[in-house]
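Please open the structure in your viewer and keep the sequence panel beside it. The tour goes from one selection to the next and says what is there.

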Amino acid sequence: MSLRIKKGDTVLILSGKDRDKKGRVLTTMPKKEQLVVEGVNIIKKHQKPSRKYPQGGIIEKEFPVHISKVMLLCPKCDKPTRIGARILEDGRKVRICKKCKEVID
């Protein structure tokens with residue numbers, strides 16, 4: 001399973017408690033069809049003291065969001081858009097914005 005959204009892309013959240021928030025994709029999980037988006041779907045985790053967290057306490061971290069709940073923001077037209085594919089003259093396959101037809105990467 002390949003995702004059309006990649007690490008570093010800016011996405012818009014379409015549904016849930018964080019609806020209409022924008023964020024950068026931190027990690028992708030293609031097998032689970034999920035993404036971790038910066039500043040979105042934050043949970044509070046009760047952490048025991050460890051070497052990584054010597055204080056312990058309540059830690060806030062981002063949790064994964066399903067791919068169907070996000071939409072890519074085009075860097076050119078700055079609108080949420082679907083993603084298409086096009087093969088360039090040199091043989092490379094690139095993603096394109098369906099609204100403004102510009103190359104995304």
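**Stop 1**

The model on your screen is a predicted one. Pro30 belongs to the loop that links β2 and β3. Pro30 and Leu3 are 27 residues apart along the chain, yet their C-alpha atoms are separated by 6.1 Å.

Stay in this loop and move on to Glu33. The loop that holds Glu33 runs between β2 (22–29) and β3 (34–37). The relative accessibility of Glu33 is 26%, so Glu33 counts as partly exposed.

**Stop 2: the whole chain**

Clear the selection and switch to a cartoon view. How many helices and strands are there in the chain? The chain has zero helices and 10 strands.

Turn the model to look at its extent. The C-alpha trace spans about 55 × 30 × 20 Å along its principal axes. The radius of gyration of the chain is 17 Å, whereas a compact globule of 105 residues would have one near 13 Å.

Next, show the surface. The accessible surface of the chain is about 7500 Å², and carbon and sulfur atoms account for 50% of that. Of the 105 residues in the chain, 28% are buried. Then colour the side chains by charge: 27 are positive and 12 are negative. The centres of these two sets lie 6 Å apart.

One more value concerns contacts. Among the contacts in the chain with a separation of 6 or more, 38% are between residues 24 or more positions apart.

**Stop 3: the six-stranded sheet**

Return to the cartoon. What is the order of the strands in the open sheet of six? The order is β6-β3-β2-β1-β7-β8, and the pairing is antiparallel. Strands β6 (65–66) and β8 are at the edges with a single partner strand each, so one side of each has no neighbour in the sheet.

Select residues 10–13 for β1 and residues 70–73 for β7. These antiparallel strands are joined by three bridges. To find one of the paired positions, pick Leu12: its bridge partner in β7 is Met71.

Now extend the selection from β7 to β8, residues 80–81. Two bridges join this antiparallel pair, and Leu73 stands opposite Pro80 of β8. The two strands make a hairpin with six residues between them. In the turn, pick Asp78, which has a positive phi of about 55°.

**Stop 4: Val11**

Go back to β1, the strand that contains Val11. Is Val11 buried or exposed? Val11 has a relative accessibility of 0%, so this residue counts as buried.

Show what surrounds this residue. Leaving out residues up to four places away in sequence, Val11 touches Ile5, Lys21, Lys22, Gly23, Val25, Val37, Val70, Met71, Leu72 and Leu73. Draw a distance from Val11 to Leu73, which is 62 residues away along the chain: their C-alpha atoms are separated by 5.2 Å.

**Stop 5**

Select residues 83–87, which form β9. Five bridges join β9 to β10, and the two strands run antiparallel. One of the paired positions is Ala85, whose bridge partner in β10 is Arg95. The hairpin of β9 and β10 has five residues between the strands, and Gly91 in this hairpin takes a positive phi near 95°.

Finish with Lys101, in the segment after β10 (93–97). What is the phi of Lys101 near? The value is near 60°, which is positive in a residue other than glycine. With a relative accessible area of 47%, Lys101 is partly exposed.

Terms used
Residues numbered from 1 in each chain as written. Predicted model: local features only at pLDDT ≥ 70, side-chain atom pairs only at ≥ 80, totals over all residues. Heavy atoms only, no water. Helix = DSSP H or I, 4+ residues; strand = E, 2+ residues; numbered from the N terminus. Rg over C-alpha atoms; globule rule 2.2 N^0.38 Å. Buried < 20%, exposed > 50% of the residue type's maximum accessible area, 1.4 Å probe, protein only. Contact = heavy atoms within 4.5 Å. Areas by Shrake-Rupley, 256 points an atom, 1.4 Å probe, with all protein chains shown as cover. Lys, Arg positive; Asp, Glu negative; His and termini not counted. Charge placed at Lys NZ, Arg CZ, Asp CG, Glu CD. Pairing = 2+ DSSP bridges.
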